[in-house]
Amino acid sequence: MCRKQKIIDIAAEEAYKSDINIRHGAVITKGNKVICKGYNTSRTKIKSLNTLELCSHAEMTVARIFYNTYI
């Protein structure tokens, strides 16, 4: 299996951790090393809008993890 496919598989595994109907995973890499990984999560629900879920995108989550860990 090629390296790109392994990274895609890691992002897919992250997406399965999400509790939202439309799931996304994201990975930050440097060279061949996975630095951070994350998935989209629900942040809040607005009752006045028929329990519309607002979510934190996977890319935002993984960027936040990267920032908090390395910067």
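**Reading the aromatic pair and its surroundings**

Q: How many aromatic pairs does the rule count here?

A: Rings of Phe, Tyr and Trp (its six-membered ring) pair if their centres lie within 6.5 Å; planes under 30 degrees apart count as stacked, over 60 as edge-to-face and the rest as tilted. By this rule, the count is one aromatic pair. The ring centres of Phe66 and Tyr70 are 5.2 Å apart and their planes stand at 35°, so the pair is tilted. This is a predicted model, where local features need pLDDT of at least 70 and side-chain atom pairs count only at pLDDT 80 or more, while totals for chains, interfaces and linings use all residues. Residues are numbered from 1 along each chain as its sequence is written, and side-chain values use heavy atoms, with hydrogens and water left out.

Q: Where do Phe66 and Tyr70 lie?

A: Helices are DSSP runs of H or I, at least four residues, and strands are runs of E, at least two, numbered from the N terminus. Both Phe66 and Tyr70 lie in helix 2, four residues apart, about one turn of the helix.

Q: Is Ile71 buried or exposed?

A: Buried means under 20% relative accessible area, exposed over 50%, partly exposed in between (1.4 Å probe, protein chains only). Ile71, in the segment after helix 2, is exposed at 65%. Tyr70 is partly exposed at 49%, and Phe66 is partly exposed at 28%.

Q: Where is confidence lowest in the chain?

A: pLDDT is the predictor's confidence in each residue, from 0 to 100. Confidence is lowest in strand 3 (residues 41–46), with a mean of 64, and highest in strand 1, at 95.
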